[in-house]
Amino acid sequence: MKHLWMIAYDISDPKIRRTISKHLENHGARVQYSIFECRLSHKQQQQLQQRLNSLLDTFDKIRWYPLCKHCERSVYWQGNGQAVETNDYYLL
Amino acid sequence: MTTAQIETTSTHTQKSSQNNQNTHDPRLKTLYLTGYGTTLTKKQEQFVVKQEGKVIKQIPAIHVDQIMLFGAIQLTTQVMHYCLKHNIPIYFLSSTGSYYGILDNHDTHPIHLHRQQYLKAENPQYALKIAQHMIKGKLSNSRLLLKRLARSQNKTQHRESLQIAAQNMSAYIKQLNTATDLDQLRGIEGIAARNYFQALINITPHEWNFNGRNKQPPTDPVNALLSYGYTLLFHNTYSFIKVAGLNPHIGFLHTPRRGHPALASDLMEEFRAVIVDAVIFNLILNNKLTPDDFQHPEKKGEACHISKAARNILIRHLETKFNTPITHPNSGFKIDYRRCIEHQTNHLASLIRGHIEETENQETENSSTYQPAIFR
């Protein structure tokens, strides 16, 4: 079962921030500068968490917010935003 | 600007992707590549799809469970390494859906299970029992489709023709128990299949030129669609066989043959009618496809080709069908058709694993033999 996670980070070192950003891009979608939405299985979530943990510096922060289906449907935005694409399959 | 956005955002809180209407996660996410001149490369952990050098899509690799390549799609070795490492099977198909082969790491190989599978398949009684139940599943679900189609037919003669064919299927199903070897079983199956397809021919509009099942190559649009649809069903089944740790080449109903994953053919049987035939006849009878969407052969015996647009329509509808919520008839679980295929595959695997206990306890209890998924 996959669950949707909102992941927000505050990273001071630009190099580390870029690395973390790349990892998160490989797992989901960037919705704001330092916020991602990632749909992950339990195993994937654990692996990602471990990987990010090893990169963090003393005052860096990453917060994980689980979003249930109801919350997910209730997400809205103001200004320049868009829905996160969710595909059951890719046909190209 | 912000006020206007708030008003319109309520529509955006719906999932914007038209294909994710289900409350279930799709069990297998497939990446279908069909465009001529497409290249699949990898950048870190994203698959990058390029068309004539330009990036058209980047997909995180964790969102892909299997890849199907139709025609001359170019792959980098890095992509192949990644897929082999992460158990993402890559299926190589011709642009018309003929199967070439699979890039597979042979990783899920519990040798003990394969040995049991081989021994059971070699046991004529055991193989016959399983084959009987698989065919029972196939004929029962074929009958179900005939009945469903009958309900939606306006023309009385069509409705009656389908109902009669459904009744005939019931008779064939009863006959299955009388078969004492696989040849007899296949004989009954053959007659039932002709009865089934004849009923479908009767309700297919004349312009489709559908006169019966033909393949290698399919020479009319309906057969081209059926072959394509069965190929996709086949590959989904193959993926689950691999995950279950079974050997796809050792079948019970279909005899092992070089280059033919017999077990995948076996496990698909009960799903052909309810998944593939159901989608295709829906497209045909509701005019979502027409004979103009096909390139008809000029000479007799030549292949009929499906247009790219029609193929995409077929893939979309099949994917929707695979992900359609349905209650699994035996377990009562509310899942989807794809997970039903997975369930049946795992069911067979646990039967094979449990066989050692069976021989000691003199089986022939209903619960210790293959239970097909017969839908209502």
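1. A nonpolar core here is a set of buried Ala, Val, Leu, Ile, Met, Phe, Trp, Tyr and Cys residues joined through side-chain atoms within 4.5 Å. Buried means under 20% relative accessible area, exposed means over 50%, and partly exposed is in between (1.4 Å probe, protein chains only). The largest such core has 95 residues, and the members touching the most others are Leu146(B), Leu200(B), Phe252(B), Ile275(B), Leu348(B) and Phe375(B).

2. A word on the ground rules: this is a predicted model, where local features need pLDDT of at least 70 and side-chain atom pairs count only at pLDDT 80 or more, while totals for chains, interfaces and linings use all residues. Residues are numbered from 1 along each chain as its sequence is written, chains are lettered from A and ligands numbered from 1 in the order in which they are written, and side-chain values use heavy atoms, with hydrogens and water left out.

3. Take Leu348(B): leaving aside neighbours within four places in sequence, Leu348(B) is in contact (heavy atoms within 4.5 Å) with Ile130(B), Met134(B), Phe252(B), Leu263(B), Leu267(B) and Tyr370(B). There is also a second, separate core of 18 residues, with Leu31(B), Ala61(B), Leu69(B) and Leu75(B) among them.

4. Now the helix pair. Helices (H or I, at least four residues) and strands (E, at least two) are DSSP runs, numbered from the N terminus. In chain B, helix 10 (residues 308-322) packs against helix 11 (residues 337-353) at about 60°, with the axes 6 Å apart. That angle makes helix 10 of chain B oblique to helix 11 of chain B. For the cut-offs, under 35 degrees is roughly parallel, over 145 roughly antiparallel, 65 to 115 roughly perpendicular, and the rest oblique. The axes are lines fitted to C-alpha atoms, for helices over the stretch in contact, and angles run from 0 to 180 degrees between N-to-C directions.

5. Who touches whom there? Glu319(B), Lys321(B) and Phe322(B) of helix 10 in chain B meet Tyr337(B), Arg338(B) and Ile341(B) of helix 11 in chain B. The residues of this contact split into 3 nonpolar, no polar and 3 charged.

6. Glu45(B) pairs with Arg51(A), with the closest N and O atoms 3.0 Å apart. Glu45(B) lies in the loop between strand 2 (38-43) and strand 3 (46-51) of chain B and Arg51(A) in helix 2 (residues 42-53) of chain A, so this pair joins two chains. Glu45(B) is buried at 18% relative accessible area, whereas Arg51(A) is partly exposed at 34%.

7. Within chain B, Lys138(B) and Glu269(B) form a salt bridge at 3.0 Å, N to O. Lys138(B) is in helix 4 (residues 124-151) of chain B and Glu269(B) in the loop between helix 8 (262-268) and helix 9 (272-285) of chain B, so the pair ties together parts that are 131 residues apart in sequence. Both ends are buried: Lys138(B) at 15% and Glu269(B) at 4%. The two also belong to a salt-bridge network with Glu189(B) and Arg272(B).

8. Chain A, finally. The chain has 3 helices and 5 strands, running β-α-β-β-α-β-α-β from the N terminus. Buried residues make up 42% of its 92 residues.

Notes
Ala, Val, Leu, Ile, Met, Phe, Trp, Tyr, Cys and Pro count as nonpolar, Asp, Glu, Lys and Arg as charged, and the others, Gly among them, as polar. A salt bridge is a side-chain nitrogen of Lys or Arg within 4 Å of a carboxyl oxygen of Asp or Glu.
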